[in-house]
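Have the structure open and follow along.

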Amino acid sequence: HVRQLYALVSETLRYSSVLEKLLAGAALLRAEKKLPLPLAKVLVYDLLFGKGLKCGGRWKALARRHRARLEAELARLKVQQKVSRNEDLLAPVQAASPPACQVPRYVRVNTLKTCVDDAIDFFKRQGYSYLGKAASVEELRALSGKKFLLDLHLPELLVFPPETDFHDNLLYTSGHIILQDKASCLPAFLLSPAAGSHIIDACAAPGNKTSHLAAILKNKGQIFAFDVDTKRLATMNTMLMRAGVTGFQLAQQDFLTVDPRDPKYSKVTYILLDPSCSGSGMVNRVPREEAAPSAERLQALAGFQRKVLSHALSFPALQRLVYSTCSLHQEENEDVVQAVLQEWGSAFRLVNAFPSWPWRGLAAFSGAESCLRASPADTLTHGFFVAVLERHGEGTAAPSSLPAAAEDNPQHGEGTEPRAAPKKRKRKKQWVK
């Protein structure tokens, strides 16, 4: 129920002032003195406006006892404000302020189980109208209703209006699509590992990037995925199995404790590193009054990020690494990359990845424009930072080309007949180490 609860609390905050009026009119807090105001708002929203959760225990039962009074107060409030719909109660409160920047619903087609053409065909049969490939970010911004587009940058990404919910959709529950923000798709896309490669996903949970890597590999290779949290790894294992991922090993281990000289990792040529960060680029979370991270907090995070990035570069067979964060702060992004490149001298170089991507790294050092940035305002995504590093110098294998633009990549499923519905495939059992 985590996603349901997230949506419930978000909507409760949106209706906050309306709920306060209902609680006052129905005298619920006076009748139930031990019921705190925030919980009362959530319960009343769920009772009168929401879809209802299959949980709540005694608090839910308590709210139901007052249902008649609350419904009567809601009806009186509508009459008083001369509206017929619940949504119209929001107008006097929120009409003066513009809505917060909303990112679209991005849907990554899982090519381990289906192809883009078949996914498009499936959504069309569900009543969605396909508008073709987007030509600009503004086209994504204008999406509404049951319309969707193919993303203008990433060839396996479909774009729907904000808040489109697919959690109960057959394609999602069967693992044929992954609900993943566009910016979060960039690291695996830019790592661009060759089929058959050995890869490390250093901070892997919840696993969306891992499943993306497997799709790029076409399940031909080996992925070593690390995370220190047992529950997150168990959830990730379930998600990867549902997505049809094979050839992966999960380990409950701090990546910093992994020995680069272990023969097990002697063939690791690619590393995806998305370490813990301030999360300052994340949007669409439950709104909360939260101060910006202090300078001390940012320096502590940056110190950890420099350490883990340098550790990743010490794997002897490594040829390419992608470093990414969901942070907007230069301290965690350009400054970390600059410091580690200086530490390693000429052994590694920064690659000018995805030249057609117009939003580049901050001019913190010479070459920082080779990095990528994303933001809700510019790219209609979460805030993100991506840097691609490659080994440079004597004995270096020829690097494979990095993606230049989505239009250069052939569409999956071109020239194939659309299938009626995605079919499940048998999957090998994987073990969490």
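H2 and H4 are roughly perpendicular to each other (angles of 65 to 115 degrees count as such, while under 35 is roughly parallel, over 145 roughly antiparallel and the rest oblique), because their axes cross at roughly 95 degrees, coming within 10 Å. This is a predicted model, in which local features need pLDDT of at least 70 and side-chain atom pairs pLDDT 80 or more, while totals for chains, interfaces and linings use all residues. Residues are numbered from 1 along each chain as its sequence is written, and side-chain values use heavy atoms, without hydrogens and water.

H2 spans residues 16–26 and H4 residues 37–48. From H2, the contact (heavy atoms within 4.5 Å) takes in Ser16, Leu19, Glu20, Leu22 and Leu23; H4 brings Leu37, Ala40, Lys41, Val44, Tyr45 and Leu48.

Now look along H2 itself. Its buried residues (under 20% relative accessible area with a 1.4 Å probe, protein chains only) are Ser16, Val18, Leu19, Leu22, Leu23 and Ala26. They lie on the same side of H2, because they cover an arc of only 155 degrees around the axis. An α-helix has 3.6 residues a turn, so residues three or four places apart point the same way. Just after H2, Ala27 has a positive phi of about 55 degrees.

Further along, helices H12 (residues 208–217) and H13 (residues 230–242) cross at roughly 30 degrees, their axes within 10 Å, and are therefore roughly parallel to each other. Asn208, Thr210 and Ser211 of H12 meet Met236, Met239 and Leu240 of H13 in this contact.

Terms used. Axes fitted to C-alpha atoms, helices over the stretch in contact; angles between N-to-C directions. Helix = DSSP H or I, 4+ residues; strand = E, 2+ residues; numbered from the N terminus. Buried < 20%, exposed > 50% of the residue type's maximum accessible area, 1.4 Å probe, protein only. Arc of directions from axis to C-beta.
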